[in-house]
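Please examine the sequence and the three-dimensional structure shown here before reading on. The paragraphs below are meant to be read alongside them.

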Amino acid sequence: MRRLLAVFALVAGFLLAPAHADAAVVDVAPSATASASYTSPWESVAAVNDGIEPARSDDRQNRRWGTWPEAGEQWALLTWPSAQTISSVQVYFFDDGGGVRLPASWKLESWNGSAYVDIPATYPIAADTYNTVTFPAVTTTRLRVVLQSGQASVGLLEIKALADITGQQSTWSPPADLVAPLDEVRRHAESANPDLYGYRNYAWDQIIANGGSVNYCVRWDSGAPVTAELRDKIEAALARSFKKWTDVMAGHNGWPYADVPVKVVGWAARDHSLLQWSDDSVDVYVGDLSENAPQCAEPCGRLFDQSGAYPNCPGGPSHHYDMSLWLTEGMSGGMGGAWGQRVGSEYLVDNLGSDDIHILLHEIGHSFGLDDFYDWTPAGQCCFLMKAGSATSITEFDAWMLRDVWRHLKSRYGY
Ligand SMILES: [Zn+2]
């Protein structure tokens, strides 16, 4: 019998090995934002995912999450910007022997897009150790640890959420409730645009042609002066906005770049006196009008030359620009495409400090090949950035739409 078991284990090991060869299980809790039903003013909810290993449940060295004097049901919540596929959670309870003790019971809940649902499992309760729960993998953006108090208030020192990130890295793995609406979006785009996958000047093409970066030229279609400080703030805001899209791709499905730097290489204006800097960090183009707006030299623009050689660009290929950021005085709304983005100059200047410059973000989405949703809405979706006016930041649905475009284009780049 012993021998038989050994043989069986060998065979099973052999059979299982290929499927698990590139499994990558990591604690994704530190990448989440923590919040809670209540936190005592002297404690910190950030303790639950700070990655600090507790020494014991009565840890007096490190920060802790505690709810004294609140009792009853209390919870700590981890929220991720994109869905995680989690199959095991470990929690370390806070218990100081006084006002904060082990819970009477606890459970995990995941967010299914509209409600929290229980994760059925066996929930151990022990002090001075991690309490480990395993369950069939759940894909979610939010994980809630719900504690029922017993003899005192409750608290946690640490939560670990173990996720298999293999799928995120190498395969198509949207949350189950997004599969159908994403399919609708893709079919809609394919029927509206027969050359969808043949077109060669998406932001994808530009980034890959440059080996992982993108160059811009600013079309300053305004009579307002621009200081060096404002110039640099506009570049920073553009880079920050662009990064919000490329961060969605980092580590996903063969996308090769962890970071995609954005550089403004030139500025075009009606009059040189509007551009009030003396350094030569950018090329300056004056008096070249197109569509009645200043534009940067055509021989340097990718829209006019996709060979990558830019033989007639004065500064050579390194001074080329892939897209224009066209800033128009008095404009509301925006436009976007392979050529770049166009928004109001006042709008951008007034929103340079905003976390989400949402019109610019939306227009950058178009440059990656995402459509508008003026006359229809994918099933089960209400609000997302590419449906203008319904959201002001990149939602999970926007993120998966972007990834779906990549899924259908990537083979042409050899990925
Ligand atoms: Zn649009």
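The account that follows moves from the overall chain to the metal site, then to the pocket, the cavities and some backbone details.

This is a predicted model, in which local features need pLDDT of at least 70 and side-chain atom pairs count only at pLDDT 80 or more, while totals for chains, interfaces and linings use all residues. Residues are numbered from 1 along each chain as its sequence is written, and side-chain values use heavy atoms, with hydrogens and water left out.

The C-alpha trace of the chain spans about 80 × 55 × 40 Å along its principal axes. Its secondary structure comes to 8 helices and 18 strands; helices (H or I, at least four residues) and strands (E, at least two) are DSSP runs, numbered from the N terminus. Of the 415 residues, 48% count as buried, where buried means under 20% relative accessible area, exposed means over 50%, and partly exposed lies in between (1.4 Å probe, protein chains only).

The metal site comes next. The zinc ion has as its protein donors H362 (NE2), H366 (NE2), D372 (OD) and D372 (OD), at 2.0 to 2.7 Å. Donors are N, O and S atoms within 2.8 Å of the metal (3.2 Å for Na, K and Ca); water is not among the atoms, so sites may look incomplete. The spacing of the donor residues in sequence is H-x3-H-x5-D. H362 and H366 are separated by about one helical turn, because they are 4 residues apart in helix α7 (residues 358–367).

Why is the arrangement around the zinc ion irregular? The 4 donor atoms subtend angles of 53 to 142 degrees, and the arrangement is therefore irregular. Under the criteria applied, four donors count as tetrahedral if all angles lie between 85 and 135 degrees; four count as square planar and six as octahedral if opposite donors are over 155 degrees apart and all others between 65 and 115; anything else is irregular. For comparison, ideal angles at a metal are 109.5 degrees for four tetrahedral donors.

Helix α7 is largely enclosed by the rest of the structure, because 9 of its 10 residues are buried. Among these buried residues are I359, L360, E363 and G365. Just after α7, G369 takes a positive phi of about 95 degrees.

The second largest pocket has a volume of about 540 Å³. It is lined by 23 residues, of which W111, G113, T141, D177 and E396 are the closest to its centre. On a 1 Å grid over the protein atoms alone, a pocket is an open set of points with protein on both sides within 12 Å along at least five of seven lines, whereas a cavity is a set of points where a 1.4 Å probe fits but cannot get out; lining residues have an atom within 4 Å of a point. Grid points are joined across faces, edges and corners, and a volume is the space filled by probe spheres set on the points.

At least two lining residues of this pocket come from each of β4 (73–93), β5 (105–111), β7 (130–148), α3 (176–192) and α8 (396–409). The largest share, 5 residues, is supplied by β7. Domain 1 (22–170) and domain 2 (177–413) each contribute at least three residues to the lining; these domain bounds come from an automatic or database domain assignment.

The structure also holds 2 cavities of 30 Å³ or more. The largest cavity has a volume of about 200 Å³. Among its 15 lining residues, the closest to the centre are R186, A189, G369, M401 and V405. Helix α8 gives the most to this lining, with 5 residues. The second largest cavity has a volume of about 50 Å³, and its lining includes D50, R63 and E158.

Some backbone details remain. Most residues other than glycine have a negative phi, and most peptide bonds are trans. The peptide bond from W68 to P69 is cis, with omega near 10 degrees, and P69 is found in the loop between β3 (65–66) and β4. N253 has a positive phi near 50 degrees and is buried, with a relative accessible area of 4%. N292 also has a positive phi, of about 60 degrees, but is exposed, with a relative accessible area of 57%.
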